[in-house]
Amino acid sequence: ISEELPAIRTKTLVLWGERDTFVSIDVGRSIMAALPDSVFEAVPDAGHCIHIELRELVADHIFSVGPPE
C-alpha cells in the first residue's frame, strides 16, 4: 500500500492515537510523509480506536480540514 499513497491527491488528515499499542505512531508518520497533501496529528489520550474513543474530537478535526477540493 505504501507505494500507492503518493498517488492520492486529496487533502488527507492522519490522526493517530499516542497510546496505540497495535500500530506504532511511526507508521502514522510514515503514512503522512508518503501522502503529498496531508496533515498528521498525534492525539495524546487515544489508542488504536481513536474514532470510537474520541469520536467528537475526530469529527471536529475532520471538519477543520474542510471538504476535498
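Author: Happy to! Two strands count as paired if DSSP finds at least two bridges between them, and the elements themselves are DSSP runs, numbered from the N terminus: helices (H or I) of at least four residues and strands (E) of at least two. This is a predicted model, in which local features need pLDDT of at least 70 and side-chain atom pairs count only at pLDDT 80 or more, while totals for chains, interfaces and linings use all residues. Residues are numbered from 1 along each chain as its sequence is written, and side-chain values use heavy atoms, with hydrogens and water left out.

Reader: Good. How many bridges join E1 to E2, and do they run parallel or antiparallel?

Author: Six bridges join E1 to E2, and the strands run parallel. Within that pairing, Leu-13 stands opposite Val-39 of E2, and the bridge partner of Gly-17 in E2 is Val-43.

Reader: And how does the chain cross from E1 to E2?

Author: The chain goes through H1, making a right-handed β-α-β crossover. Right-handed here means that, with the strands pointing away from the viewer, the path from the first strand over the helix to the second runs clockwise.

Reader: Why is E1 largely enclosed by the rest of the structure?

Author: Because five of its six residues are buried. Buried means under 20% relative accessible area, exposed over 50%, and partly exposed in between (1.4 Å probe, protein chains only).

Reader: What's Thr-12 in contact with?

Author: Thr-12 belongs to E1, which covers residues 12–17. Leaving out neighbours within four places in sequence, Thr-12 contacts Leu-35, Asp-37, Ser-38 and Val-39; contact means heavy atoms within 4.5 Å. A polar atom of the Thr-12 side chain also lies 2.8 Å from the backbone oxygen of Thr-10.

Reader: Switching topic: which residues make up the largest nonpolar core?

Author: Six of them: Leu-5, Val-14, Trp-16, Ile-25, Leu-35 and Phe-40. A nonpolar core is a set of buried Ala, Val, Leu, Ile, Met, Phe, Trp, Tyr and Cys residues joined through side-chain atoms within 4.5 Å. A second, separate core has five residues, including Val-43, Ala-46, Ile-50 and Val-58.

Reader: Back to Phe-40 for a moment. What does it touch?

Author: Not counting residues up to four places away in sequence, Phe-40 touches Val-14, Trp-16, Ile-25, Gly-28, Arg-29 and Met-32.

Reader: And Leu-5, where is its place? Buried or exposed?

Author: Leu-5 sits in the segment before E1 and is buried, at 11% relative accessibility. Apart from neighbours within four places in sequence, Leu-5 is in contact with Ile-31, Ala-34, Leu-35 and Pro-36. The C-alpha atoms of Leu-5 and Trp-16 are separated by 17 Å, and the two residues are 11 apart along the chain.

Reader: Which side chains meet at 3.5 Å?

Author: Those of Asp-26 and Arg-29, in a salt bridge, N to O. The two are three residues apart in H1, so about one helical turn separates them. Asp-26 is partly exposed at 48% relative accessible area, and Arg-29 is partly exposed too, at 39%.

Reader: Last one: what does the side chain of His-61 reach?

Author: The backbone oxygen of Leu-57, at 2.8 Å. His-61 lies in H3, residues 55–65, and is buried at 16% relative accessibility. Not counting residues up to four places away in sequence, His-61 touches Leu-13, Leu-15 and Glu-41.

Conventions:
A polar contact is a pair of N or O atoms within 3.5 Å; within protein, one must be able to donate a hydrogen and the other to accept it, and residues adjacent in sequence count only if both atoms are side-chain atoms. A salt bridge is a side-chain nitrogen of Lys or Arg within 4 Å of a carboxyl oxygen of Asp or Glu.
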